[in-house]
Amino acid sequence: MTQLTVIDESGSHSFGQVGFGELGVSSDDFARATGWSLKPEGLCKGEICVPVRDTAAMSNGAQIDVAEFARVTGRNMVIDASRNVMAMGEQASIRAASMATLDAPNFTLPDINGNLVSLRDFANRKKLILAWSSW
Amino acid sequence: MKEWATKEPLSYPVLIDAMHIVADLYGIVNVPAALWIDENDKIVRPADSTPASDMWRSFSGVDSAVHHDLLRRWVRHNELTMDADAVRSFQVLPTSEVQQARLHRRIAVSLHESGDESGALEHMDKAEQLAPHDWTIRRGNMPLRGVDPFGEKFMEFVGEWSAAGSPGFKLGTGRETK
């Protein structure tokens, strides 16, 4: 089975690609990796739901089209079909609006030993974020 | 880097951000950069060029002590020199091109990690066409290309960036006027 790599803010996810829509993957695998699943009220992640007009184009139940998912949730995307990789991210206008709130968005990244660390692990403390490169 | 970061016991985590997620979330356009987040998870100082030392002062024109002093005053005395509107006015907001460039760069990193160098080069080229003056894209790609990030290509980039009016951080903490 061809492996499809999907890159988003939470990292790289590898899925077995199936013949549904443009970039079909198992709905269960997609929900496990991203938290998003198709419910009667729309695409949902936790408390948040996005209405889906054309449910049939999104999913046949067992499978979901990641490209259609990106379109419906208003995400930017780049697809390299010949290399079976796609990346989705935030639109500039949405990023600008979230920056303007001054709410510090959470992120989770591995430390040098591979342990995952989140900004939210440091709640109720002052935080200095230093971005640098080892080159 | 691991060797350096484990030489002394550190009181803070050192995180690896190969896909430049934090740059995307917070509008970081170059390194080294710093930003401040308060106890209520509010951004109280936006990303700005803030080297830890004066090692590159003659090149960058940034006096590192200015940021250090501001930081101490915030940590010890809760003194902030910027209100919320000032923080917003100094944020560098992304363009559509930069957001698209980030996606091409992430694909390039993924392909590079899986050994597909020609695929990685193709996506790095696309990212750089979209965001020719973003340091996290242009200079950030240099190690992936096997190019010295302090060498001739880097100086070429600095020339292009200067000719374009040195787009980047708006704040300029510690930037000397001379």
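Author: Buried means under 20% relative accessible area, exposed means over 50%, and partly exposed lies in between, with a 1.4 Å probe and protein chains only. The model discussed here is predicted, so local features need pLDDT of at least 70, side-chain atom pairs count only at pLDDT 80 or more, and totals for chains, interfaces and linings use all residues. Residues are numbered from 1 along each chain as its sequence is written, chains are lettered from A and ligands numbered from 1 in the order in which they are written, and side-chain values use heavy atoms, without hydrogens and water.

Reader: Why is Arg75(A) called buried?

Author: The relative accessible area of Arg75(A) is 18%. The limit for buried is under 20%, and therefore Arg75(A) counts as buried.

Reader: What makes the contact of Glu90(A) and Arg75(A) a salt bridge?

Author: A salt bridge requires a side-chain nitrogen of Lys or Arg within 4 Å of a carboxyl oxygen of Asp or Glu. The N to O distance between Glu90(A) and Arg75(A) is 3.6 Å, and the pair is a salt bridge. Glu90(A) lies in the loop between strand E9 (85–89) and helix H4 (92–100) of chain A, and Arg75(A) in the loop between helix H3 (66–72) and strand E8 (76–80) of chain A, so the pair ties together parts that are 15 residues apart in sequence. Helices (H or I, at least four residues) and strands (E, at least two) are DSSP runs, numbered from the N terminus.

Reader: Which chains does the salt bridge of Asp41(B) and Lys127(A) involve, and why?

Author: The side chains of Asp41(B) and Lys127(A) meet at 3.0 Å, N to O. Asp41(B) is in the loop between strand E1 (33–37) and E2 of chain B, while Lys127(A) is in strand E12 (residues 127–131) of chain A, so the pair joins two chains. Both residues, Asp41(B) and Lys127(A), are buried.

Reader: How do you know that Arg102(B) and Asp24(B) are buried?

Author: Arg102(B) has a relative accessible area of 7% and is therefore buried. Asp24(B), at 2%, is likewise buried. Their side chains meet in a salt bridge of 3.7 Å, N to O. Arg102(B) belongs to helix H6 (residues 96–113) and Asp24(B) to helix H2 of chain B, so the pair ties together parts that are 78 residues apart in sequence.

Reader: Why is Phe150(B) called partly exposed?

Author: Its relative accessibility is 40%, and Phe150(B) therefore counts as partly exposed. Phe150(B) sits in the loop between helix H8 (135–145) and helix H9 (152–163) of chain B.
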